[in-house]
Every structure is written in C-alpha cells, then in structure tokens.
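Reader: I would like to learn how to read a model of this kind, taking one feature at a time. Please start with strands and sheets.

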Amino acid sequence: MSQPKTLFEKIWDDHVVYEEPGAPAILYIDLHLIHEVTSPQAFQGLREKGLRVRRPGQTLATMDHSIPTVGRDFSLMDAMAVKQVQTLEANCREFGIPLFNMFDDRQGIVHVIGPELGLTQPGMTIVCGDSHTSTHGAFGALAFGIGTSEVEHVLATQTILQRKPKTFEVRFEGTLPEGVTAKDMILALIATIGVGGGVGHVFEYTGEAVRRLNMEERLTLCNMSIEGGARAGLIAPDDTTFEYLADKPFAPKGKAWEEALERWRRLPTDPGATYDKSVTIDVSRLEPVITWGINPGMAIPITGRIPDPDKEPDPRKRRAMQRALEYMNFRPGQQLLGHPIDVVFIGSCTNARITDLRQAAQIFKGRKVAPGVRVLIVPGSQQVKRQAEAEGLDRIFKEAGAEWREPGCSMCIAMNGDRLEPGQYCVSTSNRNFEGRQGPGGRTILASPLTAAAAAVTGKITDPRTLIG
Amino acid sequence: MEPFVTLTSKLVPLPNENVDTDQIIPAQYLKVTDKVGLGKYLFAGWRYLPDGSPNPDFVLNRPEMQGRKVLLAGNNFGSGSSREHAVWALQGWGFRAVISTRFADIFYNNALKNGLLPVVVDEETHQRLFRWVDADPNVEITIDLPNQKLCLPDGTEVTFPIDSFSKHCLLKGLDQLGYLLEHLPRVEAYETSHPPRVDTTVLLTQVPPSPAPRS
Ligand code: SF4
C-alpha cells in the first residue's frame, strides 16, 4: 500500500500541475469566486497585458462588501462604491464571467452562496480574494484566500504558485453542552493557540464533536481558521456532507453523482497518516465564548474574567493586552456578564445562514429588543432571506424591534455605511474584533448568534443558557 | 516591478504586535479600483485624529521619519484580511521592506508579488533592533538580498530566509505571472486529464444586468 496521506495531502497532490525544484508548486484551481473589492486591479492587469480569462466557467462573481443592506438602490451608495460595483459588472461582461449583481435574487455573501449552490464540493481547490475563503473547507475542499495579484494569476491561468503548507490536526472531543455552538468551539481554539498559532499550516478539524456538527455549523468552524493564522481549515466529507449536497443545483446528478461519491469517499485522512502539529479540545467543558480584546484570540468563557496583563510574563504580550484593555475600556479581572452594550450585529459569512438565524429567533421569540439597543440582522444571501421569511423568522425579529436587512457583509466590515459610532459596544456574530473593524472607534465583542441575541434582548452581555430551554 | 537588490535605510519603528491589515489600511479606503495613491491611507486609524488632522504622536507623522524605507514592525505582522491594498499602501508611503519575527501567510505572499521585501528575523535580533532605535532613532541597517543578509547597526550580520524563486523574481523585478504563463502547456495537459468539476456559464443567460443608476 502507498504511504498513508492526510485529506489535505490528497487534495494537494491531485492539483499540483508542476513543481520545479526551488520554486513553489503550480496549483490548479477548480473554482474561483470573485467580489467587487479585491478584483478591479486584477482585471485591469489582464487588460494591460492583453490576457483573457482562461476558464470563465470555473468562476463566479457576486457583490457583497460595499453594497447597501437597507435596500437595493444606487442612491444609497457613495460614488466610490457605485463605481466599484459597476466596475465589477463591466469586467464580468467583458470577460464573460457570471455575476450575481445586487439586484439578483441569488446574490449573497461570497462564502454563503458557493455552498448553497453546490459549487463548493469535496476534493476541490477553491480560491477567492478574501481571507474567509477557508469557510468552504467544511466540505473537504482545499479553500483559501488570495491577494489581488493572485486573483489575476487565477483569472489568466487557472493556477497559482503555492508553497506547500504544513498540516495541523485540531481535534474536538466530547459532546457540546446545550447553548454552546460551533462559534464557541472556534473562538475557544483561537484563544488556545493564539492568532498566529496556525501560520504556515492548514487545519484539519477532526473528532466526534466535529462529526456531529451539521454543514452550516461546520462552515462556521472552518470560516474562522484564518483567525487562528491558518490559511485553510478542512473537514473530511461524510454522509452529512453528501446529504447536504445531493439536491444542490451544481451537485453532480445521476451517474456522475455516484462516481463523485466514490471519489469523495476516498478523501478522508488514511489511518496512520500524521500531522505536523496537533491540539485537542474537549468541548464538553466549553461555555459560550466571547472576546474582550482587539483580536479573536483575546477570548474568555462568558462567565470568566478578563486576564490581568500584570500576570503575563512576555512583555510584548503584556503591552498588547494593555492596549486592548485601553481600546475596549475594560479592566483586568473584570467580568463581562452584565456589561451594557449598544449594538448587536447578527450576520457575516461566519453566522448568517438559516441555522444561525433560527438559533437567534429562538431567543427573540416573545421578547423585545432592550431599550436603546440597535439590532441589525443581515441574512447571508437572498436564499437565506427567503427561507427565513418562509419560516416567519423575519416577523419574530421585526416584532422584537430588530432591523431585518438585505444580504451583504454589512457591519462585519463597515464599508457600506452600516457601522458603529466611536466608543459603542457591539456584540457581533462576525469574525474580527480588530480596532475600528465595525467603524472607527467601535468596540466589537465576538460571540455566537445565541449570545448575540441574548445581549439584544437584555441590553447587556448575558449568558444565553439562562434564556433557553 | 522595481528590482530589489540592496537597501540601506533608517528604520520606522512600530512595536505593536499582531498588526492586522485592517490597521494597515482600514476598510473604508478599499472602495478604490486602482492601486496607486493608497499611501495616504496607510495606518489611517492611528495616523489621523477624528477631525482628520495628523496625530502628532503617531510615528509616521514625525518629520524625521519621512523618506525612510524600512518598517520595523512588531511580532506577527499582516494578519487578517487578504487585501493586497495593505501592501500597496505600505509601498505608496515609500516602504520597500518590513522587518518582523513572523508574517501572516497571505500578507507575505502579497508583499513578495509586489516587490515589498518581508524580512523575517529571530526574536533576539528583533528586540535588539528595537533597542537600537530607542537609543538612537537614526541608526541605519542594510538589507543585502543576494546574500540574504541584514547588516545591523553594530556591523554584525544576520541572515534571513527567502525561497530561491521569490528571491530570483525580486532581484530581477520579475512578475510571477510571467512564470505561470510560460507553463500554460502543462496546465492544458492537466485540464485534459482533469475535466472541470463545475460549469458556471450556465448561469450567464439567467443573469439580468443591473438597472442603470439614476444620476
Ligand atoms: S462577511 Fe465579513 S468576513 Fe465575510 S466576506 Fe464579508 S467582509 Fe469578509
């Protein structure tokens, strides 16, 4: 028998077109996703060099980052945003690439629409000029974010130059307690290994707790791999994956489906294969997790206390903690439970799928948004929006006093006018609590949809387990 | 791309750890459709006061820092978003190299593709460099790419890693796309034995264009 391989190694080996000694590998890309922010300079590069898009049929564009979510009208956008989306539209027309523009009923956040269309499939290589491309790894696809130069490379050649990353097994054991979610699992991981812990590596999430997650929860887990420093995060495909995919528009049909299944079942890591690094986390002891600082690794259990920088031996880490406390206006040793908040954002490619909205609705149902709190609920795609409305979730949100929006990135990145005022506290289901990420001077506390909804109805940081069941 | 061979410069120290690309260039400046002119947005959140005037306490605003070409950054530089705008903003300000102990993967790749040299040094050298700059803000270092050496203010040298392919491209000022295009026949051969997994062009006929904006 040949050398046992990991899931990552199987996909990698299957996509290396050529590798010259001393040079990075030329890696073939099966699917290239595009959005308005990181693509204009790449198309410009093609034009300057007189190049065409090699495989328009392996490419799909959407608009998500800079578009308004209060409604769909150019009058709601500033001139630069209008120019940016029009540039994407013109580029897609010129180069023959399908595009879901902001008026299309299939539009959505790039990492939400790939999976829901069935474009994201096991064993593929998928790239996008966006670091959260790691999301698609939930299907056992090797998916990672690239820069704009690389977007140009993929458009022109359907390949990129890549050095082979190392592998990192993240094993989640045990059973998730009630009220604790995939979001809490990934925040706990990043708090454990730090935001640089996965640099140079690709995560593979394993263990019984991962196997029990549904596809949408797996997408949440893989989404934040990049926040732990890993470019990609993978989960071996299994029956949960295949069931989810079976009826999606782009999933293979008939005989092709049977053949694909046979290929996909060979993907999981072979017994005896080894990883370069590994970590194990027992989820049965997890609580809901929230962040207190200015990177996703600065996280604590919801009933916990903010660590004291004076107890941190490394002077640079100490400085970083002090800076975070100052920015967030928190104190060492402080418990965040009960801390008042101003805004709640439920959305983003991390937590804006139907499962996330159902969880949030469970808390909103029969309750009201606390006085003075602003709540934005932004579905991840038009399809999620339709589904939520069919289930009546929008009514629950609106009756509670939350804003129900059109799909887009919205306050995850605050490019479109949805943003915090300086000094405001926001409990957010997005993935980055960097300084100013949700608006200059805004203070972000990352959390699960359950924890965010609990904050919305109480006006303060609240353990969601006290409101469910 | 401008070739990179050797560079002697004073340093701009920015000891903050885990500086992410949202800090290097905040998202509100990403609505541009070209690469030039981003230097003025570099570290905008720290560099300007809420009223838009320069923050006199921020390092880039100190008069003696103007014209320096090397950023001495804290640990783990460039994490977060994949935005290449971060590299374009650093270059727009005038930086040609960044020194840190560790770079986020996507930032590192983006930098190399644009001729911005990421220099990885060990913890001890990193801390010594900060001490030198603290003691004398005008110390100079030299980056010698052919020999992969960083010449420190006391005349000693340390080596830094870079893969031979990227080094070659930097020394010659070569665009990596040229390399990929040369190998297109291999891509064609690959595609013959690996048919496409999906065909999105079926969507083309179903997609209506946006209505014209009202102006
Ligand atoms: S939702 Fe946020 S993280 Fe996701 S693609 Fe949009 S901006 Fe990026």
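Reader: How many bridges join strand E6 (residues 149-151) of chain B to E7(B)?

Author: Before the answer, a word on the source: this is a predicted model, in which local features need pLDDT of at least 70 and side-chain atom pairs count only at pLDDT 80 or more, while totals for chains, interfaces and linings use all residues. Residues are numbered from 1 along each chain as its sequence is written, chains are lettered from A and ligands numbered from 1 in the order in which they are written, and side-chain values use heavy atoms, with hydrogens and water left out. As a general idea, strands of a sheet pair through backbone hydrogen bonds, either parallel or antiparallel. Here, three bridges join E6(B) to E7(B), and the two strands run antiparallel; B:Lys149, for instance, has B:Thr159 of E7(B) as its bridge partner. Helices (H or I, at least four residues) and strands (E, at least two) are DSSP runs numbered from the N terminus, and two strands pair if DSSP finds at least two bridges between them.

Reader: To which sheet of chain B do these strands belong, and what is the order of that sheet?

Author: They belong to an open sheet of seven strands with mixed pairing, which in chain B has the order E4-E3-E2-E1-E5-E6-E7. Its edge strands, each pairing on one side only, are E4 (117-120) and E7 (157-159) of chain B. From one strand to the next the twist averages 30°, where axes are lines fitted to C-alpha atoms (for helices over the stretch in contact) and angles run from 0 to 180 degrees between N-to-C directions.

Reader: Which open sheet of three strands is there in chain A?

Author: Chain A has an open sheet with the order E1-E2-E8 and antiparallel pairing. Strands E1 (16-18) and E8 (159-162) of chain A are the edges, as each pairs on one side only, and neighbouring strands of this sheet are turned by 45° against each other on average, direction ignored. E2 (residues 25-28) and E8 of chain A are joined over four bridges in the antiparallel sense, with A:Leu27 standing opposite A:Ile160 of E8(A).

Reader: In which sense do strand E18 (residues 425-428) of chain A and E19(A) pair, parallel or antiparallel?

Author: E18(A) and E19(A) pair in the parallel sense over four bridges, and A:Cys426 has A:Thr444 in E19(A) as its bridge partner. Both faces of E19(A) (residues 443-446) are covered, with A:Arg443 and A:Ile445 buried on one side and A:Thr444 and A:Leu446 buried on the other. Buried means under 20% relative accessible area, exposed over 50%, and partly exposed in between (1.4 Å probe, protein chains only).

Reader: How do A:Glu312 and A:Glu391 read on the scale of accessible area?

Author: A:Glu312, in the loop between strand E14 (299-301) and helix H11 (315-328) of chain A, is buried because its relative accessible area is 19%. Not counting residues up to four places away in sequence, A:Glu312 touches A:Lys317, A:Arg318 and A:Met321. A:Glu391, in the loop between helices H13 (382-390) and H14 (393-400) of chain A, is partly exposed, since its relative accessible area is 33%. With neighbours within four places in sequence left aside, A:Glu391 is in contact with A:Ile354 and A:Arg358.

Reader: What is phi of A:Ser348?

Author: Most residues other than glycine have a negative phi, and most peptide bonds are trans. Phi of A:Ser348 is near 85°, a positive value in a residue other than glycine; A:Ser348 sits in the loop between strand E15 (343-346) and helix H12 (354-364) of chain A, and is buried, with a relative accessible area of 1%. B:Gln148, also not a glycine, has a positive phi of about 50°, and its place is the loop between strand E5 (140-144) and E6 of chain B.

Reader: What share of the 215 residues of chain B counts as buried?

Author: The share is 56% of the 215 residues, in a chain with eight helices and seven strands whose C-alpha atoms fill a box of roughly 65 × 50 × 25 Å along the principal axes. Among contacts in chain B between residues at least 6 apart in sequence, 66% join residues at least 24 apart.

Definitions and conventions: Contact means heavy atoms within 4.5 Å.
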